Amino acid sequence: SKHREAEGAFREAHGVHSRMGDHRGTAYALERLARIYHAQSRFKEAEEALWKAHEIFSRIGKDIGIADTLHGLGSIYHAQSRHREAEEVLSKAHEIHSRIGSELGTAHTLDSLGSIYRAQSRYREAEEVCWKAHEIHSRIGNQVGTADSLRGLGETYDAQARNKEAEQALGEAHEIYSRIGNDRSAANALCSLGESYYAQSRYTEAEEAVRKAHEIHSHIGNDVGTTDALHSLGKIYRIQLKNREGEEAFRKAHETYSRIGDRAGTAHALEGLGWIYYTQSRHWEAEEALRKAHQIHSRISDEMGIANALHGLGTIYRVQSREREAEEFLWKAHEIHSRVGNHLGTANALDSLGHLYRVQSRYKDAEQALGEAHEIHSRIGHDQGAANALDGLGQIYLAQSRYKEAEEALWKAHQIHSRIGHDLGTANASLSLGHIYHAESRNLEAEKLLREAHRIYSLLDHAMGTGNSSRRLGTLFSERGQFEEAQSLFCQALSEYKRAGSCFSRAEVLFDIAGVYCIRGNYLQEEESLTEALTIGIRLKNDRLQEAPLEPLAQIFRFKSKYSVTLAAPLQTGATCQQMSGDIRRGVALHNLGRGFLVEGKFKQAENSYSLARALFSRAREARGEACAIRSLGTLFTLRSRLGTAAQYFAQARCISVAISDRDGEIRALGCLMGVCLLQRSLAGLRSYCVEALKIYDRTNGIQAKSLPLPREHLQDS
C-alpha cells in the first residue's frame with residue numbers, strides 16, 4: 001500500500017540522517033513517519049515519533065519545529081479524544097508561534113483549538129478562536145486558511161443548530177476552495193454542508209451535497225475523502241430508513257477503510273452497520289458489528305469511539321430487554337464522555353438512560369436522567385438535544401397520565417424544533433401531542449396534530465413516522481366507528497412498517513387491522529392478520545406479541561360458523577399445497593409455543609396455543625400433528641387436575657392414531673391414559689390399557705413407526 005511504501009522511505013531517510021548526524025533531518029523524518037502512523041490510526045507509534053522529534057528540535061533550539069511537533073501531538077490526542085492533553089500541547093504551540101511572530105502557525109493552532117473546543121461542546125470558545133484565526137488568515141492573504149476557519153465556524157454553528165449561519169459559513173468556505181482550485185477541501189466543505197442539511201432533516205439536499213463530494217474525491221483519487229463521503233451517505237440513508245442503500249454504503253466504506261489501514265474509519269463504518277442492523281431488528285448482527293468497533297477503538301485508544309460503541313451496545317441490549325447490561329454499558333459510556341469532557345456525549349448517554357428507565361417504569365430515575373440531559377443541552381446551546389430531552393420528559397409524564405406536564409414539555413419541544421427547522425423533531429412532538437389529546441378525548445385537536453405529523457413524515461419520506469401517524473389516526477377513526485377509513489389507515493401503516501423493516505410494529509398494527517376485520521365481519525382476513533402477527537411474535541420471541549393474538553384466534557376456532565368458513569378456504573383446488581405447508585409450519589411453532597407456556601405455568605395461553613395448533617394441523621390434514629396437539633391438551637388438563645377432560649383428549653388422540661395406523665402415536669396415547677388411570681386409582685382401567693399396549697408391541701415386534709416428518713422444530717408431546 002501507499003502507506004507501507006511511504007513508511008519504508010521515511011524510515012530509510014531517518015536512518016541516513018541519523019548516521020550522518022543530521023539532527024534536523026532526523027527530526028523531520030520522524031515528523032513524516034508520525035503522519036504516516038496517524039493516517040493508519042497507529043497513534044502510539046505516531047506519538048512516540050513526535051516526542052522524539054520534539055526532543056531533537058528542543059535540543060537544537062528549533063522553535064518552529066517544536067511548535068509543529070506540539071501541533072501534531074494535538075492532532076493525535078484529538079483523534080483519541082484526549083482533549084485536555086490536546087488543548088495543553090496546542091496552547092503551547094500557539095504561544096511559541098505567537099512569540100516568534102509566525103502568524104500562519106498562530107492561525108493554524110487557533111483553528112485546531114477550535115476543533116478541540118467544539119469536541120467538548122465549548123462552542124463559545126470555539127467560535128472565538130475560529131474568528132481570530134479567520135482574521136489572521138484574511139489579513140495575510142491565506143485563502144485556504146480563511147476557508148478553513150470559515151468551515152470551522154460553520155461546524156460550530158451547525159453543532160448549535162444555528163442553521164442559517166452554518167450554511168452561510170460553509171457555503172463561503174466551499175466557494176473559496178472552488179475558486180482557488182482546492183478540490184479536496186471543496187469536497188470536504190460539501191460534506192460538512194451535507195451534515196448541516198442532515199441535522200435539519202433536509203435529506204434530499206444532504207444527499208446531493210455529499211454525492212457531489214464523493215464524486216470529487218473519487219475523481220482526484222482521494223481514498224480517504226471518498227470513503228468519508230460514503231460513510232456520510234450511509235448516515236443519510238439510515239435516518240430515512242433506506243436500509244439497503246445504507247448498508248451498501250457502510251460496507252463499501254468499511255472495505256476501503258480496512259484496505260487503506262484507517263482503523264478509526266473501519267470502526268466508524270462498523271458502528272454505522274450496527275445501527276443499520278438495529279433499525280432492522282437484526283440485533284445479533286448489530287451487537288457483533290458494535291463489539292468489533294469497540295475492540296478497534298480500544299486497540300487504538302480512541303476513548304470517544306469506545307464510548308460511542310458502548311452507547312450503541314447499550315441501546316441494542318435495551319430493545320432486547322437485556323436491561324442490566326444496557327444500564328451498565330450506558331453508564332460506562334456516560335463516564336467516559338464525562339471524563340474526556342464531551343458534554344454532548346454525556347447528555348446523549350443520559351437521554352438513553354432516561355428511555356431505559358421509562359421502559360422499566362422507573363419514572364423517577366428516568367425524569368432525573370432526562371432532566372440532567374436537558375440542563376446540559378441547554379447550557380452548551382444544543383437546542384435540538386434540549387428539545388429531544390423535553391420529548392423524552394413528555395413521554396415519561398404521558399406514561400404516568402400527567403397530561404398537563406406532558407403537554408407543556410412537548411409544546412416546548414415542538415416550538416424549539418420548529419424554530420431551528422428540525423422537521424423530524426416537529427413531527428415527533430406533534431405525534432406525541434396528538435396522543436395526549438386523544439387520551440383526553442380532545443379528538444379534533446388530536447386529529448389536527450396527527451395529520452400535521454403525517455404530512456411532515458410523508459414529505460420527509462420517513463417510513464416509520466408515516467406508519468406511526470397513520471396507525472394513531474386509524475385508532476382515532478376506529479373509535480369513532482369510521483371503520484373503512486380506519487382500515488385504510490392501518491393498511492397504510494402496515495405498508496410503511498414493511499418498508500421500514502420494523503417487524504415489531506408490523507405485528508402490532510396487524511392486531512389492530514384484525515380488530516377492524518372482526519367488526520366488519522371479514523373473518524378470513526381477521527384470521528390471516530392474527531396468524532401473521534402471532535408468527536412475527538414467535539420469530540421475535542416476544543411474549544406480548546405472542547399472547548395478544550392467541551385469545552382472538554382461539555375464539556375464531558371455537559365458534560363453529562367461523563371455524564367451518566376458515567377451514568374450507570385452504571382446501572380449494574389450486575391453493576391447497578402452499579397453504580397446507582404454511583399451516584403445518586405454524587402448527588409446529590404454536591405447539592412449541594404452548595410447551596413454553598406450559599413450563600411457565602401459563603395454562604390459558606398454553607391451551608390457546610395447543611388448540612390453534614390442533615386446528616391448523618386438522619385444516620392441513622396432518623393427522624399425526626393433530627393427534628400430538630390433542631395429547632398435549634390432555635397433558636395440560638392432567639396438570640390442572642381435570643382428569644376426566646384429560647382422558648377424553650387422550651382417547652381422541654388415540655382414535656386419530658388408530659385411523660392412520662400410527663402405532664407410535666397410539667402407544668403414546670395409551671401411555672397417557674394409563675397415567676390418568678393411575679392418578680384416578682383405577683386399576684382396572686390401568687390393566688386394560690396396559691394389555692392393549694402390549695398387544696401393539698407384540699404385533700410390531702416393538703418397532704415404532706417413524707417420527708412425524710415436520711419442518712425445522714422437532715414436535716414432541718408436552
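## The nonpolar cores

Let's start inside. The largest nonpolar core has 48 residues, and Tyr203, Val210, Ile236, Tyr457, Phe490 and Val509 touch the most other members. Helix 26 (residues 503-519) is the top contributor to this core, giving seven residues. A nonpolar core here is a set of buried Ala, Val, Leu, Ile, Met, Phe, Trp, Tyr and Cys residues joined through side-chain atoms within 4.5 Å. Buried means under 20% relative accessible area, exposed means over 50%, and partly exposed is in between (1.4 Å probe, protein chains only).

There is also a second, separate core of 46 residues, with Leu273, Ile276, Ile306 and Leu330 among them. Contact means heavy atoms within 4.5 Å.

## The whole chain

This is a predicted model, in which local features need pLDDT of at least 70 and side-chain atom pairs count only at pLDDT 80 or more, while totals for chains, interfaces and linings use all residues. Residues are numbered from 1 along each chain as its sequence is written, and side-chain values use heavy atoms, with hydrogens and water left out.

The chain has 35 helices and zero strands; these are DSSP runs numbered from the N terminus (helices are H or I, at least four residues; strands are E, at least two). Of its 718 residues, 52% are buried. Its C-alpha atoms fill a box of roughly 110 × 65 × 50 Å along the principal axes. Take the contacts between residues at least 6 apart in sequence: 59% of them join residues at least 24 apart.

## Helix 5 against helix 6

The axes of helix 5 (residues 83-100) and helix 6 (residues 103-119) come within 9 Å and cross at roughly 160°. So the two helices are roughly antiparallel to each other, a label for angles over 145 degrees. Axes are lines fitted to C-alpha atoms over the stretch in contact, and angles run from 0 to 180 degrees between N-to-C directions.

Residues of helix 5 that meet helix 6 include His83, Glu87, Leu90 and His97. On the helix 6 side, Thr109, Leu113 and Tyr117 are among them.

## Two residues to look up

Gln120 sits in the loop between helix 6 and helix 7 (123-140). Gln120 is buried, with a relative accessible area of 5%. Beyond its neighbours within four places in sequence, Gln120 is in contact with His83, Glu87, Val340, Gly341, Asn342 and His343.

Lys164, in helix 9 (residues 163-179), is exposed, with a relative accessible area of 75%.

Technical notes:
Parallel < 35°, antiparallel > 145°, perpendicular 65-115°, else oblique.
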